[in-house]
Amino acid sequence: MAPLSPRVVVKVDLKKKPWQQDQPLHNRWHPEIPPVAEVKAGEFFRVEMIDAMGGVIKDNDSASDIKNLVLTTTHHLSGPIRVVDEEGVAAKAGDLLAVEICNLGPLPGDEWGFTGSFDRENGGGFLTDHFPCATKAIWYFEGIYAYSPQIPGVRFPGLTHPGVIGTAPSNELLRIWNDRERQLEESGVESLTLCEVVHQRPLACLPTTKGCLLGNIEEGTPEWERIANEAARTIPGRENGGNCDIKNLSRGSKIYLPVFVEGANLSTGDMHFSQGDGEISFCGAIEMSGFLELKCEIIRNGMQEYLTPMGPTPLHVNPIFEIGPVEPRFSEWLVFEGISVDESGKQHYLDATVAYKRAVLNAIDYLFKFGYSKEQVYLLLSCCPCEGRLSGIVDSPSAVATLAIPTAIFDQDIRPKNRKVPVGPRVVRKPDVLKSTYDGKLPITKNPSSSS
């Protein structure tokens, strides 16, 4: 007898707002957000999700929706989902939850997505000091391939994956998160030398009631107010998994998540059609609505057996990820190197972030010579199947990072070669990415060696 189709445990209606869904969504982590569904270990089930921004970003000719986005509402997660074993006994704190991704993709009738960069004063990003304006590119899907009218001459297969997947924290783990992130925010920019080079703000996204969704907890009640002021934002990856943005977690992948509360309370969202390593534009990847078809297994006492804490408590652990067998295949790459020397020429000691920033900037300026605007390349590198690597982290004083770009995604040969006409900044292809004005006052980093 053929196996049954996956049971739909969370269904979304794209015509409704995030807070209008029949099964309430949530955009915070908290142990008291109640489950909206229950699954058994070994069961084949389906979870649907809206896009990370909750349908606010539109398929239109303006980037004002990116510029004016209310960032406290990001990552509308489907769940929590309570997981029990074959006998009906719930997963317990200290277990591992093995989550297998059997299938995934865009929701039928919604086969498009977007990539953007936030305004420097409203979210920022990895290169926000170079690109302060909010920008947007729309991508359309043709099966496994994506193309964008705003970035012509590029087409590539996507490696679709959930940006966010994780279990609920315990109260103790939630307190650890909030204490350490609040300390970072309160210490300020001056305490962090890297902030002189990577200008992304804010330093941390602390709990706030603004834009907060807590599933079935009724807004306006004392319980809602208390939990909203405690619940962790979904922006960073943490011990529970969360917003890891690992682009290879596609079909056939398995994720071993630590369990901190009874039932595990699995949640997922932030579906990506494709992503470059690092999702560098922050509002990056190709964001879309989508579905996951999953199976779960409970590994009893798996945290103690397989995860060694790297910190002061047994809760300081991290998930393990098993990459699936399905991914795009490329044979030719152009690789850009970066070292930990910033744009002013200052040497930083084994700083991998500065090195990766240099590698990305080198790639952007190189592809600019082939008719793309720098904003087009910035968004492209955030979502195309490029590969980032830490190549050197021990040879003082320079860390070395690389960014490898598959040459086959372009409709022209982008390799260096002898040319009859010297290569230089060419006339930019039209159209360009959608762009808003930048109205802020923060200084912009210019490359002193560039004429553009």
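The protein chain falls into domain 1 (7–322) and domain 2 (333–435). The model is a predicted one. Between the C-alpha centres of domain 1 and domain 2 the distance is 28 Å.

**Extent of the domain interface**

- Contact between the domains involves 45 residues of domain 1 and 38 residues of domain 2.
- About 3,200 Å² is buried between domain 1 and domain 2, with 68% of it on carbon and sulfur atoms.

**Polar interactions and the domain 1 side**

- The rule finds 3 salt bridges across the interface of domain 1 and domain 2.
- In the same interface, 18 residue pairs are in polar contact, both residues being at pLDDT 80 or more.
- On the side of domain 1 that touches domain 2, the elements giving two or more residues are β7, β8 and β10.
- Of the elements on that side, β8 gives the most, with 4 residues.
- The residues of the side of domain 1 that touches domain 2 comprise 20 nonpolar, 17 polar and 8 charged.
- A salt bridge joins the side chains of D129 and K357, at 3.2 Å from N to O.

**Helix α6**

- Helix α6 (residues 374–383) is largely enclosed by the rest of the structure, because 10 of its 10 residues are buried.
- The buried residues of α6 include the charged K374 and E375, as well as V377, Y378 and L379.
- Among the elements covering the buried residues of α6 are β7 (112–117), β8 (135–142) and β10 (155–157).
- The cover of α6 also includes α5 (352–368), β21 (400–406) and β22 (434–435).

Methods:
Residues are numbered from 1 along each chain as its sequence is written. This is a predicted model: local features need pLDDT of at least 70, side-chain atom pairs count only at pLDDT 80 or more; totals for chains, interfaces and linings use all residues. Side-chain values use heavy atoms; hydrogens and water are left out. Buried means under 20% relative accessible area, exposed over 50%, partly exposed in between (1.4 Å probe, protein chains only). Contact means heavy atoms within 4.5 Å. Domain bounds come from an automatic or database domain assignment. Buried area is the accessible area (1.4 Å probe) that two parts lose on being put together, summed over both. A salt bridge is a side-chain nitrogen of Lys or Arg within 4 Å of a carboxyl oxygen of Asp or Glu. A polar contact is a pair of N or O atoms within 3.5 Å; within protein, one must be able to donate a hydrogen and the other to accept it, and residues adjacent in sequence count only if both atoms are side-chain atoms.
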